[in-house]
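These are my notebook entries on one structure. I set out to look up how its chains meet and what its record annotates.

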Amino acid sequence: MTTIVRSATGAARAGAVAVLLSFTLFPAYFMVISGLSAGAASGTEVLVPVRLTLAHFEQVLLHGDFLRYLRNSAVVAIITVVGSGLLALFAAVAVARFRFRMRTTVLVMVLVVQMVPLEALVIPLFLMARDLRMLNSLIGLAVVYIALSLPFAVWMLRGFVAAVPVEVEEAAAIDGASWGRTLWSVLLPLAAPGLVACSIFSFITAWNEFILALTFMNDSDKFTAAVGLRQFFGLNTTAWGPVMAASTLITLPVMVFFLFVQRGLVSGLAAGAVKG
Amino acid sequence: MARTAVPVRGGPAVSVRPTPTRTSRRRHRAPLRPLLLLAPALAVMGILLLYPLVRVVLLSFQDYTLANVVSGASDYTGLRNYTLLLRDPYLWTVVLPNTVVFAILAVGGTVVLGTLVALLLQSLRPLSRTIVIGCVLVAWAMPAVTGTYVWIWIFDVDRGIVFQLLHGTGLLGAEGHNWFTDRVSFYAIVVLNVVHHGFPFVAVTVLAGLLTVPGELHEAARLDGATAWQRFRHITFPAIRPVFAVVTILSTIWDFKVFAQVYLMPGGAGSNAQVLNLGVWSYIRSFAQQSYGTGAAIAVLLTALLLAITLVYLRVLFGSEELR
């Protein structure tokens, strides 16, 4: 009797997992397979592809400007990663290692600032960028992304820096290392995992961002990949093969990086969430 | 921000590791050092996040159009933008329902599905649990922009897989059906898109909470004859209420300000006035119609709404004594 019940719940569980997996994986599968299918003219043809080809990828990368958009995205993302990593590290050391007036105020401000919707910031940021002649500038866009990714990066790195025992630093100081040397040779290597995770998050922020890139970049030479994707849409019909191939190219690096930080992400979120 | 990974979706307000209290006890001899270390980050955030926030509020009191952008002069009109906005039936019949009803459905769907998936994951063996989590995260890792295009392709009017399946089973004629014109079916697709993208975050966070609930409690309740629902309602839920608070607040904030998921859909960029939400309406008033003052007022309304919701949630879910 119990074995029957057990196998019944086991079957129900397996069924639930199967439904879950097909729901969660279907869009990604459909995207990749549409990019790879020779036809890609209709959904059902693509579902179980008859003929696979790299023609759409070839078309996307070799003809048209998509490669340039990908390069623009990469440039913006790299500037963002380096800039926000550096600034966040300094700020994290300040809030984790020093006690000073306004410390709590600063931390709460950092927290509140990231609740503000981007839709509210895009108008003034556009006017600022326009006044400073920073529209259509990859650096200008990257600087805004640095600001966007900083609050989370500071909060996250703060935990990693705080987890490094103070005694290690004190030992270095006793051995005669200057404070800058201690920061560079002792603290930085020990907090490196945090810096890697935080770099990946900044990368994803910059790579995926849409509304600011859409507003700032009017010159098609300066489109990022997320915005440049719109170029593939015709007035009446859409060539879904190339669109999905290009989407796959945008998604791939994010996917790889994301799965790379998954463990830290899940446990980190949990630690914060469980503490409420 | 687009709704992707944690920080990508706007960044949750959770500290990653608890700060040991003893670490910040020293170094009074260099009082300027922390300020120097903080200065660059604070300057960047102040100039690019805080100042724009102030400026958008100021803009919302101005009649700021293309002429003002060119001349740089400001033209204060007091509360005029707000009175016009609040008297506009379009706000009350179209934009606000689109924003609020959508957010309620999307948050509800995300939290319920995420919780069910977390309970399912909890019942799996460690190896299969890890594999399934990996697959679930694929949905989260998908950028909002490309994810939205995939859903548009799935629901494509002429050649989409949904049309073909419905046509094949005879439920739909050859003329097809445009899912994107009617606002109910339009937002049904947005809900599907947003729930698909958002539930992994809820699932992994709730799962982490579930794993902290002692198994003995469930064992005891089961011996007392409690049903699965009673055990969830009276043991699991109270034990991890803060986790539910966090995922609900974050999902609400994210779902109230979805942008790319609406803007990129056919008609979502302004050609179909029936499907705009607050964020997209603000953007279109500002950048398509060059009425920056009105756009700013809509954006301020959205921000105030988010702020109010966050405060109410915190009070209801944590109780006033826990909130301090």
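The entries below go from the chain contact to one helix pair and then to the annotated spans.

I note that the model is predicted.

I took helix H6 (residues 118-131) of chain A and helix H13 (residues 278-288) of chain B, which pack at an angle of about 15° with their axes 9 Å apart. Angles under 35 degrees count as roughly parallel, and H6(A) and H13(B) are therefore roughly parallel to each other. The crossing of H6(A) with H13(B) is right-handed. Which residues meet here? From H6(A) I list Glu119(A), Val122(A) and Ile123(A), and they meet Gly279(B), Ser282(B), Tyr283(B) and Ser286(B) of H13(B). By class, this contact has three nonpolar, three polar and one charged residues.

The unreviewed UniProt entry annotates "transmembrane region" in chain A at residues 74-94, 106-127, 139-161, 182-207 and 239-261. I looked up two of these spans in the model. Residues 74-94 of chain A are 100% helix and 0% strand, with end C-alpha atoms 30 Å apart. Residues 239-261 of chain A are 96% helix and 0% strand, and their end C-alpha atoms lie 34 Å apart.

How values were computed:
Residues numbered from 1 in each chain as written. Chains lettered and ligands numbered in written order. Predicted model: local features only at pLDDT ≥ 70, side-chain atom pairs only at ≥ 80, totals over all residues. Axes fitted to C-alpha atoms, helices over the stretch in contact; angles between N-to-C directions. Helix = DSSP H or I, 4+ residues; strand = E, 2+ residues; numbered from the N terminus. Parallel < 35°, antiparallel > 145°, perpendicular 65-115°, else oblique. Left-handed = near helix turned anticlockwise from the far one by under 90°. Contact = placed C-beta atoms within 7 Å. Nonpolar A, V, L, I, M, F, W, Y, C, P; charged D, E, K, R; others polar. UniProt positions renumbered as here; feature names shortened; annotations may be inferred.
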